[in-house]
Amino acid sequence: MIPRLQAEDISRSFAGTRAVDGISFDLNSGELLSIFGPNGAGKTTLLKILAGVIRPDEGRVSVDQNVVEVSERLWRSQIGIVTHQTMLYDQLSGRENLLFYAKLFDLEDPEDRIRETMKTLGILEMADRFVGSLSRGFQQRLTLARALLHDPKVLLLDEPYAGLDLYASRLLRDRINSLKDGNRTVVLVTHSFEQGLELADRVAIQARGRFVFTGLNEGFRLTEFEHLYCNTLQECGF
Amino acid sequence: MNRSRMKKISMSFGILGVAAILLLHYMVFFWVPTELSMGIVQRIFYIHVPSWWVAFISFGVVALCSGVYLWLGDDRLDAAAVTAAEGGMIFTTIGLLTGPLWGKIAWGAWWTWEPRLTLALLLWFIYLGYFLVRRSTLNPERGKRLAAVVGIIGVLDIPLIHVSVSWLRSLHPEAVVLNPDGPTLDESMLATLLVGLLAYSLIFVCLFTVRYSTELVDRATQMQDV
Amino acid sequence: MKYLSVVWAVARKDLLVEMRTLERLTAMGAFSVLIGVLFHFSIDTSLIRVQTIAPSLIWMATIFVGMLGLGRIYTIEDENRALSGLLQSPISLDALYFGKVLSNSILLLSIVVLILVVFAVFFNLSFPGGWLGWISLSGVILLGVLSFVSIMTLLSAVAVNNTMGESIIPVLVLPLLVPIVIHTVTATNRIFANRPFAEIEGNLRMLAAIVLIFLVAGASLFRFAIEE
């Protein structure tokens, strides 16, 4: 099977620091990769490179074998990204925010798409409330709606559970799980082992810009993975 | 270009520059005739004009290196731009300090809104903005890009400023004691001025190459430390 | 057409957010009135006929108000990292630039109208020009505002993630405004003095050239200023 998302030996430095250092991986359609790592490991930089926002100094990223160029607008229309920041305007309603993004992505029948997406995520009844007045859980689901509106092939999630209560986290987890069934490829960065392992097909530990551990998620138990994580970081000199 | 070669270049330009400066000072103080109407203080003209020349050339170098840096992303071009900016700021300051001295003779006033002086004042602030942007941006790489943007926009505005100020001044001719563009130059005065331009240019190139090589060493050291 | 619809979507979004919060409009509006008050107390009207210096006061007020309001062009994008969302979408960054120029020009133009009304009342100004005078004045104001906003839209991006914040913007922008000030004030002076159009035409041409240069430079350099 041809991998959906491929990263080949990508590296990126900032002010002399190697934020991402020779990272490679392949992901097939419908697979979810969870990336764990300490703060400053370069996980967010890696996601930005995958999103086509930052150009890598070396290496390349491709989706369905189409190589990313930073200025490649086609690439950005195939990627959706969710972070712990909503990237929405508090003074606009959910519907207005999504209409704005629909214009940016040049989507056909934006009203119908927005209605469908919001309905799927269970936030349709909140559509006309200002984003600033919504709870964190609803805001995060709206953020997911923004990321999914243009039907991206690849979804990048950077600490999506941050600030969510247990119930909201559960709901979000279910939504993310359903994305895999839709043949999307997902990369998830999280500090939570439980949330990261639940849905992962593959796992990676990133430290000092490198993948210091990669492998299939062979049903790791939580304590087992915690030990693996700590040992791996200790070996790296943490 | 390796460091020993750069050192040789800077030494050569330095030696030639110092020789030219010595020649210039000889010519200014002992050789060139005293200008009839302005007297002995007119001689500051031979310091003042060359410093302008270098200040504007430097800014051109800043803008050119900034443009190519944004295009190619080569850090050495950014190093060259900041080096030229430092030199340019020094020479602009010299020009701004000697300008009023010249203005007091030519116009009887410490400051007048003559196009070159006005442009130099604004150029000084454009340089200031260039350095402030570099230093105060949280991400150093972004700071270099923003400084390059400031450098390019600055150079685009310079001709607009000059044309606009000159045009405005033509509407309101000021009473001048003497020709504000400088004395009508005879051959010896022209020769002295040309030597001044050459001397300051050589000194600038020497300072530029020395500073550029130390800037590259600083950057390499920072990367190693990290 | 898609390009223009993106430009309009960005401008519309900015204006909608501003209409809902009225933060910048309120501050700029209040400033316009209060600066008029300060100008009044700083001028000895027994010595100076305000009508003759009114164009200078109007444009100085416009610049001060513009610095206040336009320095915060990217503040709404800073909250919730909305700017990242824009950068991650497939729009060309110059469309984002033009959208911002459009929305902020509309904002500043509305404030200039307020300044004209306030100053006309405060200083008892008269406008001797006929319909041609009003058209010329509108042209000068439009070009002056566009050139100012185009440069502010580019350089305000500098204040994002900057330790000096918005205080760096005046240092960067004010030297570049000199040609704009020269031509707008001269043209406005001549319009107020009811001079023939031929005397104003040169200023209008120069302002149009400045607008073109700043818009092209702004659109070309914007991505370097705004990218992370």
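**View 1. The side of chain C that touches chain B.** In this predicted model, 22 residues of chain C are in contact with 27 residues of chain B. On the chain C side, the elements that each contribute two or more residues are helix 8 (169-173), helix 9 (178-192) and helix 10 (197-226), and of these helix 10 gives the most, with six residues. Sorted by class, the side of chain C that touches chain B consists of 17 nonpolar and five polar residues, with no charged residues.

**View 2. The side of chain C that touches chain A.** Here 22 residues of chain C are in contact with 21 residues of chain A. Helix 1 (2-21) and helix 5 (82-87) of chain C each supply at least two residues of this side, and the most comes from helix 1 of chain C, with nine residues. The residues that chain C places on the side touching chain A divide into nine nonpolar, seven polar and six charged.

**View 3. The fold of chain B.** Chain B contains six helices and zero strands, so that, by the DSSP runs used to define these elements, its order from the N terminus on reads α-α-α-α-α-α. Taken along the principal axes, the C-alpha atoms of chain B fill a box of roughly 60 × 40 × 25 Å.

**View 4. Burial and contacts within chain B.** Of the 226 residues in chain B, 42% are buried. Among the contacts in chain B with a separation of 6 or more, 79% are accounted for by residues 24 or more positions apart.

Technical notes: Residues are numbered from 1 along each chain as its sequence is written. Chains are lettered from A and ligands numbered from 1 in the order in which they are written. This is a predicted model: local features need pLDDT of at least 70, side-chain atom pairs count only at pLDDT 80 or more; totals for chains, interfaces and linings use all residues. Two residues are in contact if their C-beta atoms, placed from the backbone, lie within 7 Å. Helices (H or I, at least four residues) and strands (E, at least two) are DSSP runs, numbered from the N terminus. Ala, Val, Leu, Ile, Met, Phe, Trp, Tyr, Cys and Pro count as nonpolar, Asp, Glu, Lys and Arg as charged, and the others, Gly among them, as polar. A residue is buried if 20 or more other C-beta atoms lie within 10 Å of its own, exposed if 12 or fewer, and partly exposed in between; C-beta atoms are placed from the backbone.
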